[in-house]
Amino acid sequence: MKQVVQNYKSGELAVLDVPVPGCKPGGVLVRSAYSLISTGTELMKVSEAGMSMLGKARSRPDQVAKVMQSVATNGVPATYRKVMGKLDSYTPLGYSLCGVVEQVGAGIDDVKVGDLVACAGNEHALHAELNWVPKNLYAPVPDGLAPRHAAFGTVGSIALQGVRQGESQLGEVALVIGLGLIGQLVVQLLAASGVRVVGVDPDPARCELAERLGAAACGDPASAAVETAVAELTGGHGVDQVYLAAGGGSNQPVELAARLSRDRGRVVDIGKCRLDLPWNAYYEKELDVRFSRSYGPGRYDPEYELEGRDYPIGYVRWTERRNLACFLDLLARGSVDVEPLVSHIADFDDAVETYQSLKDGDLKAVAVLFRYPRQEGEAEEAAAPAVAVPAVNVKRAPARAARTPVRLAFVGAGNYATSMLLPHLAQRDGVQLSTVVTTTALSAANARRKFGFAEATTDLDAVLGDKSIDAVFVVTRHSSHAELTRKALLAGKTVFVEKPLALTEDELAGVLAAVEESGNDRLQVGFNRRFAPLLQEAKKRFGARTGPASLRYLVNAGRLQHGSWYLQQGTEGSRFAGEGGHFIDTASWLLDADPVSVYAVAPSGNEDLQVVLRYPDGSTATISYVTTGPAGLPKETLDLVADGKALRLDDFVRASVYGRKRWVSSRLPKARDKGQNAELAAFIKAVRTGGPMPVPLGSLVATTAATLAVRAGLAAGAPVTLAGAR
């Protein structure tokens with residue numbers, strides 16, 4: 001097999017042919033799929049190897065002390081031979097990989113041949129085609145997690161252990177100094193924990209990346225922007241924790257940590273940086289300085305790492321292995337995203353050239369992966385699933401203000417139209433219900449009689465050709481929404497279509513093609529919850545936020561009656577495809593952004609779903625859509641937490657906001673107002689005045705794409721990127 005090695009004396013890097021390691025008891029033999037280059041630790045080692053002997057001595061004074069002790073004990077000649085022998089030997093590189101179990105040693109019963117595992121250890125997770133890995137240094141990869149992402153397991157565990165040492169709490173503010181690989185992961189882990197993060201790095205690209213992944217603000221350590229952000233986020237008190245994830249010989253990180261920490265704050269050293277603590281600064285604030293030892297408890301303990309002796313969970317909750325498994329779980333659930341960190345994937349055969357490019361600065365990277373040759377019969381890793389969010393490109397035609405009254409046509413007059421929309425419109429001044437179109441004559445006649453339509457017909461083309469009609473409502477079965485909307489837009493009508501806008505990516509593309517062709521972007525989808533007065537008031541009371549948010553939305557959808565057309569998934573799509581856009585739109589409106597990725601899981605045998613949405617600022621929204629809940633459980637409950645504040649919605653009956661002051665709404669009557677009336681008022685106003693539509697078209701498209709991504713994610717068993725998301 002092949003392995004990457006380095007001669008520490010000469011600095012030579014090579015890919016050598018070496019014997020395959022034996023599969024000893026207490027571990028597994030793993031064939032590498034991807035291994036991760038630590039652009040911090042490994043490059044430091046590679047750079048040191050290229051130094052002169054004096055340079056090596058200056059960079060490793062700890063090793064020089066050992067040499068001097070050996071001289072005192074064994075004399076100069078013996079020590080010289082020992083040191084030169086050790087320097088003039090090949091040493092391995094690497095400590096984080098993902099691969100497939102090829103052989104199982106005696107005493108191992110938690111994995112089998114063919115299983116995918118993430119591996120750790122600078123003696124066991126090497127840049128090599130095969131590695132023997134003891135039990136406590138590997139963890140099974142969750143279903144659906146891509147191998148290249150699982151290869152981050154070890155560095156993720158290092159970042160996770162650092163965050164644990166900081167003992168962060170919801171609503172705190174943290175400073176991360178150094179936004180390399182570990183720093184970027186620390187930012188995401190803190191943001192996922194409800195901590196607001198300020199990042200520090202001299203590289204503007206790394207600062208921008210950290211802000212995309214959840215940091216509230218980032219900047220150069222020498223700029224005033226960092227201190228300003230800390231002052232604004234903490235009210236001038238200073239940050240609760242500082243994470244030192246920087247390297248190098250500068251003492252600036254520990255000095256900056258002291259300056260920006262609050263009284264009795266915590267400073268956690270994760271990286272390898274200079275630690276000349278300024279005594280006065282640390283003493284006066286009584287700062288708590290902590291060290292984070294690699295992947296967690298068990299590290300450097302041979303009984304744990306080599307002999308497989310675990311620590312009881314009641315005494316040591318998070319060990320190396322449990323940290324590794326936890327980080328993999330966070331990846332699988334979409335709480336942490338490592339794909340934006342991958343700067344380059346190199347074939348394993350090009351390892352030497354890749355290291356050289358990194359060392360010379362030709363390849364600027366946060367994370368680099370080695371990809372290993374696939375074995376005969378081994379399937380190629382599937383590309384990360386993605387759903388396109390089409391760009392809305394339209395040369396907008398001038399909007400025509402409607403006459404009074406606004407003349408409306410309805411296409412469809414089923415239960416939702418007759419119970420939730422038409423009663424509001426029939427009573428509204430300045431609105432005329434002109435024509436109702438249905439596929440059966442009797443339903444059209446019933447709607448005409450109940451709500452006072454001037455005409456009833458089954459001829460859609462006649463309605464679309466009627467220039468006196470200002471707007472068309474599409475309230476039919478889901479499978480017809482996209483095509484009817486497309487036709488109405490091409491006919492120049494303002495369109496209100498009930499959710500969903502489309503059931504497939506092709507249908508969505510067809511609607512947008514009609515927008516582009518006609519120049520008519522006058523479209524509204526029936527996402528009414530953002531218009532609910534109770535939720536509007538709660539959002540106003542919650543106020544603006546600066547850090548990422550965590551949102552939880554429980555939807556107790558209940559069971560459908562036998563025979564419901566909602567169950568016709570082959571033609572009408574799944575239940576979530578039909579109504580899930582409601583909840584995604586509500587979450588996106590509350591978070592003031594469109595999602596960038598979607599992860600969905602579902603138990604077998606029912607339509608229950610867990611959908612995790614990730615947003616550009618690191619915010620997450622989890623929608624629990626359950627059909628198996630009890631009838632007495634409220635249908636919709638929502639919690640939003642950010643910046644030390646919380647918003648709670650109880651089934652559109654009561655809302656509350658917790659912050660410096662608590663606000664609780666009065667309890668609404670039993671008839672819940674979910675915003676249909678306010679939504680229709682906003683739509684009619686836009687039609688009458690020719691003003692902007694109540695919801696931007698880009699938002700409607702993004703919500704529809706995110707809803708479609710749920711099905712794609714369930715099929716792939718992996719997070720889905722919303723390609724082109726803003």
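Modeller: A residue is called buried when its relative accessible area is under 20%, exposed when that value is over 50%, and partly exposed in between; I shall apply these words to a predicted model.

Biologist: Why is Y355 called buried?

Modeller: The relative accessible area of Y355 is 0%, and the word buried covers values under 20%, so Y355 is buried.

Biologist: How many aromatic pairs does the structure hold, and what makes the pair of Y355 and F370 edge-to-face?

Modeller: There are 13 aromatic pairs in the structure. In the pair of Y355 and F370 the ring centres are 5.9 Å apart and the planes stand at 65°; because rings pair when their centres lie within 6.5 Å, and planes over 60 degrees apart count as edge-to-face, this pair is edge-to-face. The pair links distant parts of the chain, for Y355 belongs to helix α14 (residues 351–360) and F370 to strand β16 (residues 367–371), 15 residues apart.

Biologist: Is F370 buried or exposed?

Modeller: The relative accessibility of F370 is 0%, and the limit for buried is under 20%, so F370 counts as buried.

Biologist: Why is the pair of F473 and F496 called stacked?

Modeller: Their rings lie 4.7 Å centre to centre, with 25° between the planes, and since planes under 30 degrees apart count as stacked, the pair of F473 and F496 is stacked. F473 lies in strand β21 (residues 471–474) and F496 in strand β22 (residues 494–497), so the pair ties together parts that are 23 residues apart in sequence.

Biologist: How do you know that the charged end of R164 sits over the ring of W318?

Modeller: The charged end of R164 is 3.7 Å from the centre of the ring of W318, while the distance limit is within 6 Å, together with a direction within 35 degrees of the ring normal. The charged end of K499 likewise sits over a ring, that of Y416, 5.8 Å from its centre.

Biologist: What makes the phi of R264 and of F652 worth a remark?

Modeller: Most residues other than glycine have a negative phi. R264, in strand β13 (residues 261–269), has a positive phi of about 60° although it is not a glycine, and F652, in the loop between β29 (645–650) and β30 (654–658), also has a positive phi of about 60° without being a glycine.

Biologist: Why do R264 and F652 receive the accessibility labels they have?

Modeller: R264 has 48% relative accessibility, which falls in the range between 20% and 50%, so R264 counts as partly exposed. F652, with a relative accessible area of 0%, meets the limit of under 20% and is therefore buried.

Technical notes: Residues numbered from 1 in each chain as written. Predicted model: local features only at pLDDT ≥ 70, side-chain atom pairs only at ≥ 80, totals over all residues. Heavy atoms only, no water. Phe/Tyr/Trp six-rings, centres within 6.5 Å; stacked < 30°, edge-to-face > 60°. Helix = DSSP H or I, 4+ residues; strand = E, 2+ residues; numbered from the N terminus. Buried < 20%, exposed > 50% of the residue type's maximum accessible area, 1.4 Å probe, protein only.
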